[in-house]
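Hi everyone, and thanks for coming. Please have a look at the sequence and the structure on the screen, and then I'll walk you through some parts of it.

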Amino acid sequence: MSFNRRNFLKASAALAGTLPFARVIDAYAASSDTLVAVSGQTINSLDLHRTGTNRASYQVAVNCYDRLVTFGTKEAPGGGLSYDYSTIEPELAESWETSEDGLTMTFKLKPDAVFTDGSKVTAEDVKWSFDRAVSVGGFPTVQMKAGGYTKPEQFEAVDEETFVIKLERPSKLSLPDLAVPVPFIINAKVAKEHATSDDPWAMEYLHKNTAGSGAYMVTRWDQGQQVIYERHDGWVGGPLPQVQRIIMREVPSASTRRALIERGDVQVSFDIPDKDAAELADKVTVRSTPIENCIHALCLNTNFEPFQDPDVRKAVAFAVPYEAIFDNAAYGRGAPLWGGEAEITDTAWPRKSPYATNLEKAKEHMAKSGYADGFETTLSISTDLASWMEPTALLIQEAVGKIGIKTEIDKIPGANWRTAALVEKSLPFHLENFGGWLNTPDYYFFWAYLEGHLFNSSNYSNPEVQALVGEALHMPMDDPDYAPKIKRLFEIAFEDLPRIPLYQPALNVALNGADNYEFWFHRQLDVRTLKTPGA
């Protein structure tokens, strides 16, 4: 493989003043079976079910744990590979059947599936893991709810290799929801050994340790610095990975990550800025994949008085400099989401809003609002997402200033962003990004437009939206009633404007000495498919 240890050591020495972990390069780096990846994201837990676990940490669940099923693979737009939402394949399950009424799913586990400690994976492990996911609360429990999984009584271990799920109603999301990162299978025997009366789900142990049957296990985690994955040679969930060891290093500086990948000192640079993707494309392999069901948006928090005014919201929508944002923040990567037709004739999502930059219309709406003289507010961004948020915020600050809205840009550390924006929902005017894991518009609305749900950072509440989502969420997409409900959701979203779509982003990954990268909807690095040249 193309791993230049000498160059990496030189680079690490040069970076020692800014990267604490660079002072000592792990002995693993000398191995020819090792691939090094870098990312600017921080992994804050090894347990996706833990309260406060951030998105970067989801990769641990993906790489170290199995789910009953997974999605297939297809060619990605623009080259490379992508998951295939239309195809469900076995992972831990060998086979499954759904009853004629759609209310019972029966899974047969692979008889040779083992955890990393060598013990057999049983249906009891699956039940304990599912019980945990629906019981711990927060994001994991709501995600399970989307598929119709709400209580432990729905899950039964019939025998060692037979697991049954009972549903209250048939749903198009039930099977796909088993392929997302949340319903991962934990070694219940190990977890129970470390559980206590105060911690029945072994949250503290699994926060720092993996106990799965997946393709890799975490053998070292230096928080804020690196995660080291070692291959689980007993994995039966898919083809055994070619790379034995993956070192995932956190490198906060985008310019440093760019230098490392450009020189070939690391093999993968994950989630690189759009600017770097554009400029590196003729030097290394760059995969830029539009993120399905994902929107970069400007959010107006309806808990704050100025943004309760519909004319203020429309004034902002007409003031936003969409094209300048797409050119200067996205560097033309992804897809525009402004200037669409007012009439809604299909259920495509994401879709262009009917708004476009029109300063005269913006001023007209401000004049009609209760804030004709303008107002002051903060425009909040995450430092972890500064590559797109900062240029976007500066352009918006200038634009809304022309209609009397004076903003101060509030930079929130990435470690605190999720709590402020999504949990406390305390930011009046902010940039946000949400991508729905299950690729239907009703699923996007379930998370981003329903009162109290995590990604509804605008505190938006609308009884009609609540009812429409509840009706459409589990409805087959070919049901005659489905399309009218979705079109009505679009109409309300563009009229009420709690979120102003800016553009559909792309996920950019640079490769130099590695290939077979596969894009996934969860926007985390799946290391299982990575290969080195010639493998």
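Let me start with how elements get their names: helices (H or I, at least four residues) and strands (E, at least two) are DSSP runs, numbered from the N terminus. Two strands pair if DSSP finds at least two bridges between them. With that in hand, strand 6 and strand 7 form a hairpin with 2 residues between them.

A word on where this comes from. This is a predicted model, so local features need pLDDT of at least 70 and side-chain atom pairs count only at pLDDT 80 or more, while totals for chains, interfaces and linings use all residues. Residues are numbered from 1 along each chain as its sequence is written, and side-chain values use heavy atoms, leaving out hydrogens and water.

Strand 6 and strand 7 (residues 162-166) run antiparallel, paired over 4 bridges. Across that pairing, Phe-155 faces Ile-165, and Glu-156 faces Val-164. On to strand 5, which pairs with strand 7 in the antiparallel sense over 5 bridges; here Met-105 has Ile-165 as its bridge partner.

Which order do the strands of this open sheet follow? The 4 strands come in the order 4-5-7-6, with antiparallel pairing. At the edges you find strand 4 (93-98) and strand 6 (155-159), each pairing on one side only. From one strand to the next, the twist averages 20 degrees. These angles are between axes, lines fitted to C-alpha atoms (for helices over the stretch in contact), and run from 0 to 180 degrees between N-to-C directions.

Helix 3 (residues 123-135) lies across strand 5 (104-109), strand 6 and strand 7, at about 175 degrees to strand 6. Strand 7 has 4 of its 5 residues buried, so it is largely enclosed by the rest of the structure. Buried, by the way, means under 20% relative accessible area, with exposed over 50% and partly exposed in between, using a 1.4 Å probe and protein chains only.

Now to strand 19 (residues 506-511). How many of its residues are buried? It is 6 of the 6, so strand 19 is largely enclosed by the rest of the structure. Ala-506, Asn-508 and Ala-510 point one way, while Leu-507, Val-509 and Leu-511 point the other way.

Another open sheet has 3 strands in the order 2-3-20, and its pairing is mixed. Strand 2 (69-75) and strand 20 (518-519) are at the edges with a single partner strand each, so one side of each has no neighbour in the sheet. Strand 3 (residues 81-90) pairs with strand 20 in the parallel sense over 2 bridges, with Leu-81 opposite Glu-518.

Next, the cores. A nonpolar core is a set of buried Ala, Val, Leu, Ile, Met, Phe, Trp, Tyr and Cys residues joined through side-chain atoms within 4.5 Å. The largest one has 154 residues, and Leu-68, Phe-130, Ile-165 and Leu-298 have the most contacts inside it. Helix 16 (residues 482-496) gives the most to this core, with 7 residues. Apart from it lies another core of 14 residues, among them Val-36, Val-38, Ile-261 and Ala-510.

Last, the rings. Rings of Phe, Tyr and Trp (its six-membered ring) pair if their centres lie within 6.5 Å; planes under 30 degrees apart count as stacked, over 60 as edge-to-face and the rest as tilted. The structure holds 41 such aromatic pairs. For Tyr-216 and Tyr-229, the centres are 6.3 Å apart and the planes at 65 degrees, so the pair is edge-to-face. Tyr-216 belongs to strand 8 (residues 216-222) and Tyr-229 to strand 9 (residues 226-231), so the pair ties together parts 13 residues apart in sequence. Tyr-216 is buried, at a relative accessible area of 0%, and Tyr-229 is buried at 0%.

Definitions and conventions: Contact = heavy atoms within 4.5 Å.
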